[in-house]
Amino acid sequence: MNRVKIGELKFNEPCTIKGWLEKIRDSKYMMFLVVKDITGKIQVTIEKEKMPKLVEKLKGVIANSVVSVQGTALKSEYVKMGGMEFIPTDIEVLSVAEALPIMDDANIDNKLDYRWIDLRSDRNILIFKIQSCFTNAMREFLVKNDFTEIHTPKLIGAASESGADVFEVKYFDKKAYLAQSPQFYKQMAMAAGFERIFESGPVFRAEQSFTNRHSTEFSGFDLEFSYIDSVEDVMSLEEDLLIYALQKTKEQYGEVVKEVFGTEIIVPTKPFPRMKLCDVYKEIVKYGYVETEEDKLDLSTEAEKLVYKLAKDKFNHEFMFITDYPKDKRAFYHMRKNGIPQGYDLIWRGVEITTGAQREHRYEYLKQQADEKGLGEDVKFYLEFFKYGCPPHGGFGLGLDRITMLLLNIPTIKEVEFLFRGPNRITP
Ligand code: AMO
């Protein structure tokens, strides 16, 4: 096949390049094509008089067709693209494109109808390269720190966590559900003696949310580890993990992120600031926030945004751990000390990216907390995990799509998911 990727072309060596026809410029004597593959772009220059056969082959062919071009890359002072042009000896049109159904300035919902075309842009492909770099860095960090990657089932027999936001599916003659979180199974791994695990996988939420940060299926990055002393160990690990991944991503893509997305990757310092929920409200009322009864239980969207301002003003930091939520709003499996759940949310640039906690690993307490929330039968199988010995443990779940969106300062999660899923969107 002898295909050479455009980014790896060498001068004066005959070869074949394959890619998209990004542009075609046809003038009286010359034809200029821009051919692009995942590694780069090159101008293919055709002198029409010398190459009538090629001109014939390209008749009626428009941009976005896919071609294979044989020829040689030569130095050229006139061409901007790396001072290189490609002089063809032959061209084969591998796929003929029709005129595109969407323009660059179409709105995001129209673009999603034709997502495979929308994704072809340099900017959009870059989003996924950067996300991949970030996830690989997290993997690298965790593997170095003795974590094992596992894959837990997404089809489950009982609604996890709470029954409310769960998708029900037909499972032969029974009902099954799509996992809202790997929570129960990552804890099962602790009861099985794995000590340190992580998982990256789909998470399903049957939520009728129409915000810029919610989707019904998203990519979760979860981990769990044993023999912790307190929730502080969990927060500390998350700090190290994020610092490592942001550092690696900055090294590889920092400049390009500035150029294309107009934003800076800031590697945070340790420790990240921590504040109790009630103290956050005491501070943000100073920004004019009007506190409601509901706020006693959780952070409102508006309050999350102000937490970013607070983190910057008070701590010169982009992240903030919020702790000491009341037990009514927190999952039953969070360990409680003096009645206070030992969990946290991590807010970055005004958006919650993580929930984490030390878990209750003692069967009797856990059962009592589950009963108190009226969970009974649904969590019976889960409670069994704690009957036959289980080390103290904790962990957290990161929303990968949200992280990508915040990292690149992109206004909506729809743009950073490969294919967004929302209450009104389940195709293509
Ligand atoms: P939680 O429900 O907070 O915690 O989810 C973890 C993280 O997942 C992201 N997230 C979402 N992203 C996009 N669309 C959504 N609808 C959505 N919902 C949540 C957020 C959130 O912080 N089992 C616990 C985690 C744990 O304690 O380990 C859990 O699932 O970034």
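Two strands are said to pair if DSSP finds at least two bridges between them. Strands themselves (E, at least two residues) and helices (H or I, at least four residues) are DSSP runs, numbered from the N terminus. The structure described here is a predicted model, in which local features need pLDDT of at least 70 and side-chain atom pairs count only at pLDDT 80 or more, while totals for chains, interfaces and linings use all residues. Residues are numbered from 1 along each chain as its sequence is written, and side-chain values use heavy atoms, with hydrogens and water left out.

A second open sheet is built from three strands, ordered β7-β9-β8, with antiparallel pairing. Because β7 and β8 stand at its edges with a single partner strand each, one side of each is left without a neighbour in the sheet. Strand β7 (residues 155-156) meets strand β9 (residues 174-178) through two bridges, and Leu155 lies opposite Leu178 in β9. On the other pairing, β8 (residues 168-171) and β9 share four bridges in the antiparallel sense; Glu168 has Tyr177 of β9 as its bridge partner. The two strands β8 and β9 make a hairpin with two residues between them, and Phe172 in the turn shows a positive phi of about 55°.

Attention now turns to the ligand. The ligand sits in the largest pocket. A pocket is found on a 1 Å grid over the protein atoms alone, as an open set of points where a 1.4 Å probe fits, with protein on both sides within 12 Å along at least five of seven lines; a molecule sits in a pocket if more than half of its atoms lie within 2 Å of its grid points. The elements giving two or more residues to the shell around the ligand are α5 (183-191), β17 (351-358) and β18 (393-399). The largest share, four residues, is that of β17.

There are 21 residues around the ligand, and Gln183, Arg205, Glu352, Thr355 and Arg359 come nearest; a residue is counted as near if one of its heavy atoms lies within 4 Å. By class, the shell holds five nonpolar, eight polar and eight charged residues. In this scheme Ala, Val, Leu, Ile, Met, Phe, Trp, Tyr, Cys and Pro are nonpolar, Asp, Glu, Lys and Arg are charged, and the others, Gly among them, are polar.

An N or O atom in the side chain of Gln183 is 2.7 Å from a nitrogen atom of the ligand, and a polar backbone atom of Gly399 is 3.3 Å from a ligand oxygen atom. Taken alone, the ligand exposes 620 Å², of which the protein buries 92%, with areas from the Shrake-Rupley method and a 1.4 Å probe.

Finally, some backbone details deserve a look. The peptide bond from Lys270 to Pro271 is cis, with omega near -5°, and Pro271 belongs to the loop between α6 (231-261) and β12. Glu195 is not a glycine, yet has a positive phi of about 65°.

Key. A polar contact is a pair of N or O atoms within 3.5 Å; within protein, one must be able to donate a hydrogen and the other to accept it, and residues adjacent in sequence count only if both atoms are side-chain atoms. On a 1 Å grid over the protein atoms alone, a cavity is a set of points where a 1.4 Å probe fits but cannot get out, and a pocket is an open set with protein on both sides within 12 Å along at least five of seven lines; lining residues have an atom within 4 Å of a point.
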